[in-house]
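This report goes through selected secondary-structure elements. Please keep the sequence and the structure at hand while reading.

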Amino acid sequence: MSDPLLSIRDLSVAFHQDGQENLAVNRVSFDIKRGESVALVGESGSGKSVTALSVLKLLPYPAASHPSGQVLFNGKDLLTANEPDLRDVRGNDVTMIFQEPMTSLNPLHTIERQIGEILGLHQGLFDNAARDRTLELLNQVGIRDPEQRLQSYPHQLSGGQRQRVMIAMALANRPDLLIADEPTTALDVTVQAQILKLLETLKSDHGMSMLFITHDLGIVRKISDRVCVMTQGKIVESGPTKEIFDSPKHDYTKHLLAAEPTGQPPKSDERSPIIVEGRDIKVWFPIKKGFLRRTAGYIKAVDGIDVTLRAGQTLGIVGESGSGKTTLGLALTRLISSKGKIAFVGKSIDSYSFSDMKPLRNEMQVVFQDPFGSLSPRMSISEIVAEGLRVHEPRLSPDERDHKVASVLEEVGLDASTRWRYPHEFSGGQRQRIAIARAMVLNPRFVMLDEPTSALDMSVQAQVVDLLRKLQRDHNLAYLFISHDLKVVRALANNVIVMRQGRVVEQGPSEQIFDAPQTDYTKALMAAAFDLEASSADIVSD
Amino acid sequence: MDQTVHTIPTEAGPPRGFFSPTAKRRWRNFKANRRGYWSLWVFLVIFILSLFSELIANDRPILASYKGELLAPVLIDYPEEKFGGFLARTDYRDPFIRDEIEANGWMLWPPIRYSYRTANSYIPYSAPTPPFWTMDKEQRCSAYPMGSEDPDCIIGNMNWLGTDDQARDVMARMIYGFRISVLFGLLLTGFSAVVGVSMGAIQGYFGGWTDLTLQRLIEIWSSMPVLYILLIIAAILPPGFWILLFIMLLFSWVAFVGVVRAEFLRARNFEYVSAARALGVGNSTIIFRHLLPNAMVATLTFLPFILSGSITTLTSLDFLGFGLPPGSPSLGELIAQGKRNLQAPWLGLTAFFVISIMLSLLIFVGEATRDAFDPRKTFR
């Protein structure tokens with residue numbers, strides 16, 4: 001146990017672009033001992049993924065280069081190793097699992113073939129021998145009915161099952177080191193807890209080392225022995241997990257640890273006027289079959305849900321992906337058609353057509369999840385924010401419009417003089433502020449927030465949550481807050497609906513849901529979200 | 001990935017200049033492709049010069065002064081009686097008229113004193129005659145009444161690239177032929193783009209049944225044999241520039257539909273389009289402001305290739321004799337003459353070089369455009 005398994009010394013990574021050289025990783029050093037798991041923590045752009053990818057030389061060379069450093073694996077430098085030697089190490093001694101299990105599996109290969117390929121390449125196992133080993137691996141990673149799953153294609157598996165298959169592939173050759181690059185970020189909280197538990201068992205059973213890359217400190221605390229905190233390409237602090245969490249020394253670590261969204265949601269107030277009311281809302285998508293495309297059945301995305309939202313209050317909708325929470329939000333804002341009564345400030349709007357809705361659009365606004373996708377890359381910030389004004393207040397003069405844009409940008413905490421720039425010049429958090437400004441400039445009464453924080457880094461999340469709460473107080477806004485992130489929901493919502501498969505599992509004031517959940521599903525969700533505890537698969541699916 | 005704001009100095013007002021930063025970056029990428037950049041300039045210079053063909057090769061003077069009156073024969077048809085003749089249109093190359101005007105004023109001739117339809121009546125041999133620099137002075141002026149001493153035996157009356165089989169100056173026909181080919185190509189590409197992009201936009205944006213119906217219609221439409229339809233129509237309607245353009249437009253717009261439709265299908269689900277819809281922005285605004293710019297990248301990348309394709313089509317129709325009306329200056333007709341008169345290689349060679357240089361320039365420009373719009377391409 002004296003020699004480290006992997007030792008990274010002085011590693012730098014530079015990228016060439018447009019004749020410039022950007023240093024993504026700047027003289028990083030750390031060691032991983034046998035059987036130890038090390039977490040690389042940092043926000044997006046900190047260089048943690050690049051560091052991990054350079055261990056196996058998976059970066060886009062020659063655009064990327066290593067100005068300095070060594071990656072010693074069992075005493076051998078991988079950076080100077082030739083391609084055949086590297087191929088021997090990849091998938092055999094060191095394996096990787098990635099963030100997005102859908103795109104890391106070949107959609108045209110069955111599970112048996114995906115896993116069998118690695119076995120054939122590195123161990124020379126074929127046919128029955130490979131099949132037996134594949135089944136053993138699938139059992140190990142906890143896939144139910146592995147015999148039947150052998151012939152499945154990736155799209156037939158759920159996200160959690162796909163990630164399990166990825167892990168099975170990574171384990172196929174009993175690697176010494178497993179590099180996990182945000183392996184649970186794309187998964188639901190309950191599935192995340194299961195995968196983490198699986199990784200932990202596998203690590204202790206096989207004595208495998210693990211390099212765990214994540215931005216989620218909760219996971220780090222749970223899974224790793226040592227932590228390296230990275231920011232702007234440098235490791236600013238490293239040490240045993242407990243030490244770092246209990247007594248962080250560097251400012252950035254302290255800042256990361258303090259980044260949990262905090263604060264109190266608005267008080268419930270039964271007297272404030274009802275802004276949006278939905279009764280028995282249903283969104284059914286028909287399943288068409290046969291030559292004549294007859295409707296054979298329905299996918300019940302939202303199946304009979306009642307919603308009441310009052311001014312100045314926040315209704316949180318939580319649930320796993322596919323539970324219908326976004327569909328419900330879109331139905332309430334009449335962006336998709338639905339059945340059931342919807343009333344907006346007393347007016348019944350469920351029979352309104354798209355053009356009937358137009359005069360009401362300024363009062364109900366939407367903020368979307370992805371701040372990179374929701375801003376048109378070809379429009380300046382000023383044009384983006386002013387777009388709604390052009391529709392709803394066409395009589396404003398250019399100067400008045402510009403004045404409104406500038407003041408709303410100041411209100412969401414952006415420098416108004418940046419309004420002539422284009423979205424790509426802004427960071428994720430700033431872009432989300434722009435998206436919020438675009439909604440706020442019309443003085444809405446109701447804002448639907450569709451996972452507005454989930455694409456953001458932890459510390460930025462907290463800032464956006466604070467901003468949303470401030471705007472709500474100042475303008476007495478009604479929020480419909482859709483999220484799978486229960487920590488954020490707890491900081492914002494005073495009423496919560498827990499959804500699963502289009503139906504309400506539990507609903508009520510947030511204190512009650514969070515502190516005394518009634519149903520098993522809600523309990524499992526809370527345990528997974530706050531304690532990363534996996535629940536039995538009977539309650540939550542994988 | 002990048003969480004830091006790029007350090008660009010904060011301006012107090014809107015960014016100066018008409019072009020967005022993206023457009024500027026693309027222009028830089030375009031310039032980085034030296035071959036494409038120079039091709040563009042060479043092509044533009046030739047094309048703009050050819051727009052003024054009447055001032056370069058013409059059978060009438062650019063300016064003339066007659067009895068104190070300043071005349072512009074290039075622009076205005078003066079009846080011949082003005083100069084003492086009897087024809088409805090003046091033939092300024094006629095020695096009688098020439099002497100009359102020069103006695104009472106002066107004439108400013110273009111460098112080449114032939115238009116595309118002017119026959120040289122003083123050719124030394126039977127047409128087609130070779131370029132003048134293949135002969136000595138005695139020979140090339142042998143047909144003039146006074147031989148090499150004739151006042152008309154000057155450089156402006158020489159046939160730089162010889163004459164075709166109707167004694168018309170090949171140089172002049174080449175200049176006019178280039179112009180008509182490029183203009184035809186540009187107009188056809190422009191109109192096809194308008195029709196094709198609108199059709200693609202409608203299909204991609206609305207999707208569903210609209211898309212399905214129009215797609216099937218396009219499939220039927222594009223399976224029509226264009227050449228035969230052209231033959232049939234040419235038998236009914238008199239072939240002309242505009243009729244030809246119209247018939248070819250009927251079929252050429254289909255090329256754009258695929259890309260534009262695909263771009264719209266992809267982009268209509270972008271979150272910023274949903275965001276615009278949630279703001280209450282209307283369909284046409286969404287199409288023009290949010291979706292069309294995306295589709296234009298694919299379209300612009302296509303344009304130079306469609307342009308060269310259109311030129312080739314016109315040339316081949318002319319070659320077969322189904323193109324522009326007889327007598328028009330056309331490169332295809334020049335190739336056909338070259339094929340008929342193998343003893344006169346200057347005909348075929350001229351047409352070959354003009355067409356190949358023109359198409360190569362356009363393809364080089366097209367390549368550079370394609371690279372400039374490719375976001376993944378990095379230039380060292």
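Predicted model: local features only at pLDDT ≥ 70, side-chain atom pairs only at ≥ 80, totals over all residues.

## Sheet of chain A

Six strands of chain A form an open sheet with mixed pairing, in the order β7-β8-β9-β3-β10-β11. Its edges are β7 (94–97) and β11 (234–240), each of which pairs on one side only. From one strand to the next, the twist averages 15°.

Strand β10 (residues 226–231) of chain A runs antiparallel to β11(A), and six bridges join the two. In this pairing A:R226 stands opposite A:P240 of β11(A). Helix α7 (residues 159–171) of chain A packs on the sheet, where it touches β7 and β8 (177–181) of chain A. The direction of α7(A) makes about 175° with that of β7(A).

## Helix α12 of chain A

All eight residues of helix α12 (residues 325–332) of chain A are buried, so this helix is largely enclosed by the rest of the structure. Among them are A:K325, A:G329 and A:L332. Just after α12(A), A:R334 has a positive phi of about 60°.

## Helix α10 of chain B

Helix α10 (residues 254–267) of chain B has 14 residues, which should span 20 Å at 1.5 Å a residue; the end C-alpha atoms lie 21 Å apart, in agreement.

Its buried residues are B:F256, B:V257, B:V260, B:R261, B:E263, B:F264 and B:A267. Seen down the axis of α10(B), they fall within an arc of 165°, so they line one face of the helix. An α-helix has 3.6 residues a turn, so residues three or four places apart point the same way. The buried residues of α10(B) pack against α6 (170–206), α7 (208–222), α11 (271–278) and α12 (283–320) of chain B.

Conventions. Residues numbered from 1 in each chain as written. Chains lettered and ligands numbered in written order. Buried ≥ 20, exposed ≤ 12 C-beta atoms within 10 Å, placed from the backbone. Helix = DSSP H or I, 4+ residues; strand = E, 2+ residues; numbered from the N terminus. Pairing = 2+ DSSP bridges. Axes fitted to C-alpha atoms, helices over the stretch in contact; angles between N-to-C directions. Contact = placed C-beta atoms within 7 Å. Expected span 1.5 Å × (residues − 1). Arc of directions from axis to C-beta.
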